[in-house]
Amino acid sequence: MSDRTAWLTEDLEALRSQGLYTTIRHIAGPQGPWLIADGRRVLNFCSNNYLGLANHPHLVTAARAAVEEYGVGPGAVRTIAGTTILHDRLEERLARFKGVPATVSLQSGFAANLGTIAALVGEGDAIVSDELNHASIVDGVRLTRAARSVYRHADPDDLERAVEAARSAGAGRVLVITDGVFSMDGDLAPLDAVVAVAERHEALVMVDDAHGEGVLGRGGRGIVDHFGLHGRVDVEVGTMSKAFGVMGGYVAGSTALVEWLRQRARPFLFSSAVTAADVAACLAALDLLEASTELVDRLWDNARRFKEMMAAAGFDLGTSTTPITPVMLGEASLAQAFSRRLFDGEAVFAQAIGFPTVPRGKARIRVMVSAAHSRDDLERGAAAFARVGKELGVVG
Ligand SMILES: *Cc1c(COP(=O)(O)O)cnc(C)c1O
């Protein structure tokens, strides 16, 4: 290797010494409440597969049938090679599920944020964004020429200050963007207050519902349903890679919004769509969600039970009000040691999360409880946390 890349080796070494180097485990077999990671059977506390759908037989059967009927690849981007009627059906079904006029599906939630923000605002406009918004929103904002500012996390007063400042500076369109559920803390955006501020100042509201879908609202219809704000949120971004257990993203809103994104969202125009198998599996996930609230109810019961056990053991669970359960540890090196000890000694797979995913000094282990965990799984997991917590002096 040439000297020109020596800095990479040095910077990697720096990450290792700061406890910020992420080690990726190797998975064999499906995402279940237990899985095989690095050759060992371990309790899975990492996956965003909230409802256990990633290896659900109904989804697997639907995906297999779609491969038989449509093959494995989409050919080219939809604007050039056409779009399958399966994709059309998914967009219609998602619109019905979310209670909006229309949706457009994209390759991922990440692509949906990148494509949507840049299609809605540009030079002369302004974006006002929560300081803890997801990286895909941050990057989407960077792709525009709009003026940008951040407001203090989940603070409607500071949001109003920022929107007023944008208006005073003569902004054309003002776009307010927030995560619905904040993925590393598990707290909710005060979406009712955010919408009220936006309505006072004629601003557009965009919410990223990645961790709300299949989790919040009636039968998992998401954060807009949770707050009863139907018709008052202009843009909803969603993902199929979390509670839906599959892959893909989408944007939900008015017919004109969706039509515009089909003309102007760059990931739609310049990147191929998800496969027919993905789409068929998403449709099967919608079948299950529309048929019964059982999985969503079980997810919340499991989360409540697990959090109670962890709080009783003395852990700091931060500000979460959703199934996302951050176990706050502080130093990245402590979080990494804790996670390693859980995996090696307790057969519990729970990943440490540090900078840049969360701020420095706020490292944590984020536990993702799912509807697929049994009561015994949750008790075993909480007991393992308590043992390691005592050993490492985190709890008394
Ligand atoms: C996970 C996540 C995304 C990205 O979704 P993908 O479909 O995995 O690309 C976007 N926004 C938020 C808030 C997320 O948590």
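Is Ser320 buried or exposed? I looked it up, and Ser320 is buried, with a relative accessible area of 15%. I use buried for under 20% relative accessible area, exposed for over 50% and partly exposed for what lies in between, with a 1.4 Å probe and protein chains only.

**Ground rules**

I am working with a predicted model, in which local features need pLDDT of at least 70 and side-chain atom pairs count only at pLDDT 80 or more, while totals for chains, interfaces and linings use all residues. I number residues from 1 along each chain as its sequence is written, and my side-chain values use heavy atoms, with hydrogens and water left out.

**Ser320, continued**

I found Ser320 in the loop between helix 13 (294–312) and strand 11 (324–330). Helices (H or I, at least four residues) and strands (E, at least two) are DSSP runs, numbered from the N terminus.

**The ligand**

Next I went to the ligand and counted its neighbours: 14 residues surround it, and the closest are Gly109, Phe110, Asp208, Thr239 and Lys242.

A ligand nitrogen is 3.4 Å from a side-chain N or O atom of His134. A ligand oxygen is 3.1 Å from a side-chain N or O atom of His211, and for Ser241 I have a ligand oxygen at 3.0 Å from an N or O atom of the side chain. How much of the ligand's accessible area does the protein cover? The protein covers 87% of the 380 Å² that the ligand has on its own. These areas come from the Shrake-Rupley method with a 1.4 Å probe; for residues, only the protein chains shown count as cover.

**The core**

The largest nonpolar core has 60 residues, and Tyr50, Leu51, Leu159, Val174, Leu191, Val233 and Phe244 touch the most other members. Helix 12 (residues 276–291) gives the largest share of this core, eleven residues. The core also draws at least three residues from each of domain 1 (21–50 + 293–391) and domain 2 (57–291). By nonpolar core I mean a set of buried Ala, Val, Leu, Ile, Met, Phe, Trp, Tyr and Cys residues joined through side-chain atoms within 4.5 Å, and the domain bounds come from an automatic or database domain assignment.

I also checked Val121, which sits in the loop between helix 5 (109–120) and strand 5 (126–130). Val121 is buried at a relative accessible area of 5%.

Most residues other than glycine have a negative phi, and most peptide bonds are trans. The peptide bond from Phe355 to Pro356 is cis, with omega near 5°, and Pro356 is in the loop between strand 13 (352–353) and strand 14 (363–368).

Asp38 has a positive phi near 50° and lies in the loop between strand 2 (34–37) and strand 3 (40–44). Asp38 is partly exposed, at 35% relative accessible area.

Glu202 is not a glycine either, yet its phi is positive at about 55°. I placed Glu202 in the loop between helix 8 (191–200) and strand 8 (204–208), and it is exposed at 68%.

**Last look-ups**

Arg366 is in strand 14. Is Arg366 buried or exposed? At 10% relative accessibility, Arg366 counts as buried. Arg366 and Ala352 are 14 residues apart in sequence, with 6.8 Å from C-alpha to C-alpha.

Notes: A residue is near a molecule or strand if one of its heavy atoms lies within 4 Å of it. A polar contact is a pair of N or O atoms within 3.5 Å; within protein, one must be able to donate a hydrogen and the other to accept it, and residues adjacent in sequence count only if both atoms are side-chain atoms.
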